[in-house]
Amino acid sequence: MIQLTDEGQSYATNGTPEAQYVNALVKDEETLKTDVEAKIGAQLAKIGFGKAMKNKWIKIGGDKKEKVTRCVDKIEDKDQDLLASYVANKEEKKHDKKVVEQMKKRQLLAIITEKTFKVTKGKNYAPDFKKLPTTLTAEMIRTGEWKNVAFKKQNWNASGLNPNGGHLHPLLKVRSQFRQIFLEMGFNEMPTDKFVESSFWNFDSLIQPQSHPARDMHDTFFIKNPKMCKDVPEQYALKVKEAHEHGLEGSRGYEYDWKMDEAMKNILRTHTTAVSSKMLYNLANQEGGFKPMKYFSIDRVFRNETLDATHLAEFHQCEGVIADYNIGLSHLLGIFTTFFKKIGIDKLKYKPAYNPYTEPSLEIFGYHPTLKRWVEIGNSGVFRPEMLEPMGLPKDVSVIAWGLSLERPTMIYYDVKNIRDLFGHKVSLTSTKKNPICYIQEIEPKATLSPADQKVADEVEAKLSKQ
Ligand code: PHE
């Protein structure tokens, strides 16, 4: 549809500038240019003068060319007629396309699209808004109303709202999956809700000598207030003291004076093994006596570390503990095969290690298929009799255990390079929102161990059975 601009409209009514210029003059009568300007406006006069000259409708006179004279009787203002014809008929099809285009270029008109709607009463027309029910209710079935009720139409194409809350942090996503794996394997979760622990459970019960460097201020956070824990099981503590000082039958102990004061010092737990130890003590001393048990925990621990790209003073540990009759290293290896397959690690290697509370101790390495290299993934071992006997666990009960950090696998799954991007005040909440759900690819567990693992397991078994 053609719509004249303000300029076009004024030309359609009053004529083009050149026509207005000429109409301001009387034939053959000299008029001062400035008079014309005053009459029709300076701007219009300027445009009109040029075009009227070109059309030879006027001529210039006077000494200083300051006058104009009209030299024609009648003029034909074609553009005005054209513009007027657009007002009379707005349909562009009815006019010369080229001319319309030119007028558009001169900004005298615009082509616009006009949409019209016809609104009429529909078949469900009602003067008042009625809210239609969206769901079928028991009431409707009871009353039979369901037969006649008109339901609100469902929009199955709606994309739904993005929830703007309740996003799990990547560490929590991995934690929930690890927890699921442990539960599938029949493990019970340990209560790890206390971050403050006594040195007794964190170190002494784990047969870690009181002079051990890990118990230094530089490695452990000591609590100032309250400095000491309330109590430790006394009878058991005495046995722990004995084990530290003189060992058990067949071992010498550390040969030093074990001090209760040192054991009672409160600290932020440095590993979740503190909780495992307390759970084992409870297991040995529970009503009805010891029963085989599988425990796990995934929670926070604290170390007085120098902070860098891969270390923080607090992190999360994931720990598994199995207490049963006549189990040993081979079972530990077997469990690893299953557990690590479930978290997507197929190839495992072990390196002898040292922990005060396990013998033997193994560092666990896993082959990372995307990083294409071996990465250290955990630490493990068989708890020493020096730790278990004072607790009162039956002599033929062994406890195998392992621990790994939650941060390491999370960083690998989510490709996080700096630990500060994962944990602490610098973590971007947006990244937490945008992170996909963590899909850990479980590798099909084989019914048997790999030949290499089987060989190790057999050898260990044979050796153990000779003892
Ligand atoms: N507590 C050990 C650590 O902090 C892990 C571990 C748990 C090792 C159980 C052996 C047995 O690294």
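A residue counts as buried when its relative accessible area is under 20%. This definition is applied below to a predicted model.

**A buried proline**

Pro409 lies in helix α15. Its relative accessibility is 13%, which is under the 20% limit, so Pro409 counts as buried. Leaving aside residues up to four places away in sequence, Pro409 touches Phe178 and Leu404. Pro409 and Ile377 are 32 residues apart in sequence, yet their C-alpha atoms are 7.9 Å apart in space.

**The sheet**

An open sheet is formed by 7 strands, in the order β6-β9-β10-β14-β13-β12-β11, with mixed pairing. Strands β6 (188–189) and β11 (348–355) stand at the edges; each has a single partner strand, so one side of each is left without a neighbour in the sheet. Strand β11 runs antiparallel to β12 (residues 358–368), and 7 bridges join the two. Within this pairing, Leu348 has Gly366 of β12 as its bridge partner.

Two helices pack on the sheet. Helix α8 (residues 170–184) touches β6, β9 (293–302), β10 (314–325) and β14 (397–405), and its direction makes about 165° with that of β9. Helix α13 (residues 329–342) touches β10, β11, β12, β13 (373–383) and β14, and its direction makes about 35° with that of β14.

Strand β14 has 8 of its 9 residues buried, so it is largely enclosed by the rest of the structure.

| Strands | Sense | Bridges | Residue opposite one in β14 |
|---|---|---|---|
| β10 and β14 | antiparallel | 9 bridges | Gln317 opposite Ser405 |
| β13 and β14 | antiparallel | 4 bridges | Gly381 opposite Ala401 |

In general, strands of a sheet pair through backbone hydrogen bonds, either parallel or antiparallel.

**The largest pocket**

The largest pocket has a volume of about 1400 Å³. It is lined by 49 residues, of which Arg303, Phe315, Glu376, Ser405 and Arg408 are the closest to its centre. Ser405, named here, is also the residue of β14 that Gln317 stands opposite.

Several elements of the sheet contribute to the lining: β10, β11, β12, β13 and β14 each supply at least two residues, as does helix α15 (407–413). The most comes from β13, with 9 residues.

Definitions and conventions:
Residues are numbered from 1 along each chain as its sequence is written. This is a predicted model: local features need pLDDT of at least 70, side-chain atom pairs count only at pLDDT 80 or more; totals for chains, interfaces and linings use all residues. Side-chain values use heavy atoms; hydrogens and water are left out. Two strands pair if DSSP finds at least two bridges between them. Contact means heavy atoms within 4.5 Å. Axes are lines fitted to C-alpha atoms, for helices over the stretch in contact, and angles run from 0 to 180 degrees between N-to-C directions. On a 1 Å grid over the protein atoms alone, a cavity is a set of points where a 1.4 Å probe fits but cannot get out, and a pocket is an open set with protein on both sides within 12 Å along at least five of seven lines; lining residues have an atom within 4 Å of a point. Grid points are joined across faces, edges and corners, and a volume is the space filled by probe spheres set on the points. Buried means under 20% relative accessible area, exposed over 50%, partly exposed in between (1.4 Å probe, protein chains only).
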